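Reader: Please take me through how the copies in this model sit together, and then into the fold behind that. Keep it chatty, but give me the cut-offs as you go.

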There are 2 protein chains.
Amino acid sequence: MRAAPAPDEIRRRNLAVLLRHVHVGGPLSRTELAERMGLNRSTILALTNDLVAAGLVREELPGQTGKAGRPSLVVRPESERVYVLALDVGADRLAVARVGLGGVVLDRHETPRDSATFDPDEVIAALAVMAQTTIDAAGADTVCVGVGLAFCGMVRERDGVVRYGPNIGWVDVPVGAKLSERLGRPVAVGNNANLGAIAERERGVGAGVADLLYLHGEVGIGGGVIMGGTLLGGEGGYGGEVGHMIVNPGGRACRCGSRGCLEAEAGELALIAAAGRTDLSGRAAVEAIVDAAARGDATARDALHQVGDWLGYGVSNLVNIFNPTMVVFGGVLREIYLASAAQVRSRLAVNGLLAVRERVRLRTSALADDAPLVGAAELAFAELLTDPLQTLTRCSGG
Amino acid sequence: MRAAPAPDEIRRRNLAVLLRHVHVGGPLSRTELAERMGLNRSTILALTNDLVAAGLVREELPGQTGKAGRPSLVVRPESERVYVLALDVGADRLAVARVGLGGVVLDRHETPRDSATFDPDEVIAALAVMAQTTIDAAGADTVCVGVGLAFCGMVRERDGVVRYGPNIGWVDVPVGAKLSERLGRPVAVGNNANLGAIAERERGVGAGVADLLYLHGEVGIGGGVIMGGTLLGGEGGYGGEVGHMIVNPGGRACRCGSRGCLEAEAGELALIAAAGRTDLSGRAAVEAIVDAAARGDATARDALHQVGDWLGYGVSNLVNIFNPTMVVFGGVLREIYLASAAQVRSRLAVNGLLAVRERVRLRTSALADDAPLVGAAELAFAELLTDPLQTLTRCSGG
């Protein structure tokens, strides 16, 4: 018997829920929206009219349905007009994308990073230029409603500080605040694997899966864990750092200072070392090794077996610990897993407890290297999807 | 703008919330209840009167407070009258307790289990006798409002089936249904470490901690993980089986069929083997080894160092993966941790990521061996705390 929310507050919430439905679910008819939201059609009409007037959605005829009779209008997000900027700081690249409401990637640019650009200020300056160029290139009738950044390390989300990025050498860098100052807009920052998990669940292979484990390989291995539909945070929001689970005590040195971490044994650096392909680096090296193994090269094949076996130890441990419905391999782990799935699965058959291994599905990422970028866009949309009209007014400079 | 709940439904919910407040928080004045529930005092008065009439709470003067003036009455649960039966099937004992509303252990019995009683039907028969004897011994004016059972293995909670108990040799035993048939009452079943985690958070060292990891040592090592205040379940509810995380590939054989699992390397069997004390077993063996080490026995000390080092590997991995606020050691892990804390902490200092290890607190269980039993009582109270009056009527045979 707490006080009921005020009508304005109810309207704000319902606008937010309706907009989220078309953002995540795509174009929906008013009848479908009424069913999904448990509201009557006249309320849906009033809410839709408000969102149309604001320029957040439009109503139009659906594509050919094959059904007879006059089709009903669908509510579609204004993807070309309303967008966010998504940034991804990987260990080996910077990427930027404009992502329209509804999750459409409108345009996308990527720059490889080399060791000359590890300095935080240089990286932030480069990001700011990429971001501003992208915003400037968008049409005059567009509006940027948020900026989200995925980072390959441990991030304190509330203030966008990178606490630790072992593969890029950053400690306590306030990347959110610094970039925000340069762009004159708030910048939300998240861990790349956490954002990848959200992206795969919202728009990828894990759609509708409540208990999902996402493993992202770049130079290191990051993890994003969704349990009961909620991202695992932990005390400081650093939960899911599965790459630094030690699978091989006394094993290969890891950049974090330990030995035998999952990322040291099953990441791309381990694969490159085992295959003796230090002439190459990053994704190019992984692809060359996978190709060589497919052609019958014994060294490459043995290297993949070895790395796949450690990956299998890691996956088995995580499956026993979390009892997930699905494990998703993203980034370069997608290629590594595909080429070593037999090792991973045979480890799971030996090490996984029956009740958990019998149901788990192992899958590769649908969004591939872009999962963190798509997740960063979702982070950037969060404010609009909480208070659509107010956020739009603020971002339109109105 | 969904339909508002009916007045009866609101009253039922408010009765449940009020009863939960005094069950968890102890005796509270009507003023405190009004504040905690955000309701006015006349509503609290009406709700309290309903619960008093049902015999679930009573109002009385609080203990001496030292404050001047006339003290206000407090609402206190009827702990002597309204109780649940809590059962614990451990690898080495059966325990039963009557736990009163408010969490008071009223009486408690324990039987050591030996290898002669591993047969499911014999164990269930023994439990039924212990349970019925305890219920019969309670006074005529008492009412048993639920039965909860903690089991040392993987449990499918929805139907109370033990899927796998590696240290007791059970596979797919419907212990909930079988015991329920014998007692003529529903029996709720949960994993002992999950229930231990709930107990420590509700009534132990983890009070108020949102992100807590509970490790329970008996013969094996079980885990219960609470993240953001919610128990980690996973797809089938088997989440938290951290004892079968492999910390030492190729290491000691585990009863699950793998090698080098945390429970095989850091559990009581590993300690007993390393210390050469196979003349004893269970808790008695652990205590003898800890005592010997304290007296300067080098073999016992080395055994504790070795086991503590593996425990440190496990704890570091889990701290990196979950970023918990607190790790609680329960069961015999309490003694093992206390005697090897230096090893555990030095592993954590090396293997733990800075941002997560700097904040985590390592603690021993406040409820010791009884954490699963106390958690089983909470499971048994769940129905009463959802619908107090209806549950009481049903259980009173009314």
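Author: Let's start with the symmetry. Rotate by 180 degrees, with 0.0 Å of shift along the axis, and chain B lands on chain A with an RMSD of 0.0 Å; the superposition is least squares on the C-alpha atoms of residues with pLDDT of at least 70 in both copies. That is how a two-fold axis relates things. Within chain B, the residue that comes closest to the rotation axis is B:Val247, with its C-alpha at 3.1 Å.

Some housekeeping before going on. This is a predicted model, where local features need pLDDT of at least 70 and side-chain atom pairs count only at pLDDT 80 or more, while totals for chains, interfaces and linings use all residues. Residues are numbered from 1 along each chain as its sequence is written, and chains are lettered from A and ligands numbered from 1 in the order in which they are written.

Now the interface. 44 residues of chain B are in contact with 44 residues of chain A, a contact being two C-beta atoms, placed from the backbone, within 7 Å. On the chain B side, strand S9 (161-165), helix H10 (298-322), helix H11 (332-351) and helix H12 (354-357) each supply at least two residues. Here helices (H or I, at least four residues) and strands (E, at least two) are DSSP runs, numbered from the N terminus. H10(B) gives the most, with five residues. By class, this side of chain B has 22 nonpolar, 16 polar and six charged residues; Ala, Val, Leu, Ile, Met, Phe, Trp, Tyr, Cys and Pro count as nonpolar, Asp, Glu, Lys and Arg as charged, and the others, Gly among them, as polar. The copies meet through the same surface, because 100% of the interface residues of chain B are also interface residues in chain A.

Next, the fold of chain A. Chain A has 14 helices and 16 strands. Its radius of gyration is 23 Å, close to the 21 Å that the globule rule gives for 398 residues, so chain A is as compact as a globular protein of that length; the radius is taken over C-alpha atoms, and the rule is 2.2 Å times the number of residues to the power 0.38. The C-alpha trace spans about 65 × 50 × 50 Å along its principal axes. Of the 398 residues, 51% count as buried, which takes 20 or more other C-beta atoms within 10 Å of the residue's own; 12 or fewer is exposed, in between is partly exposed, and C-beta atoms are placed from the backbone.

One sheet to look at in chain A is open, with five strands in the order S14-S13-S12-S15-S16 and mixed pairing. Pairing here asks for at least two DSSP bridges between two strands. Strand S14 (230-231) and strand S16 (361-364) are the edges, each pairing on one side only. S12 (residues 212-217) and S13 (residues 221-227) of chain A run antiparallel, joined by six bridges, and A:Leu215 stands opposite A:Gly223 in S13(A). Helix H6 (residues 192-203) of chain A packs on the sheet, touching S12, S13, S14 and strand S15 (326-331), with its direction at about 50 degrees to that of S13(A). H11 (residues 332-351) of chain A lies across S12, S13, S15 and S16, running at about 130 degrees to S15(A). For those angles, axes are lines fitted to C-alpha atoms, for helices over the stretch in contact, and values run from 0 to 180 degrees between N-to-C directions.

H11(A) also turns up around helix H8 (residues 268-275): the buried residues of H8(A) pack against S12, helix H7 (262-266), helix H9 (282-294), helix H10 (298-322) and H11 of chain A. Six of the eight residues of H8(A) are buried, so H8(A) is largely enclosed by the rest of the structure. Those buried residues are A:Glu268, A:Leu269, A:Ala270, A:Leu271, A:Ile272 and A:Ala275. Just after the helix, A:Gly276 takes a positive phi of about 65 degrees.

Elsewhere in chain A there is strand S7 (residues 143-151), where seven of the nine residues are buried, so S7(A) too is largely enclosed by the rest of the structure. S7(A) pairs in the parallel sense with strand S4 (residues 82-89) over seven bridges, with A:Val82 opposite A:Val143. S7(A) also pairs in the parallel sense with strand S11 (residues 188-191), over four bridges, where A:Gly148 stands opposite A:Ala188.
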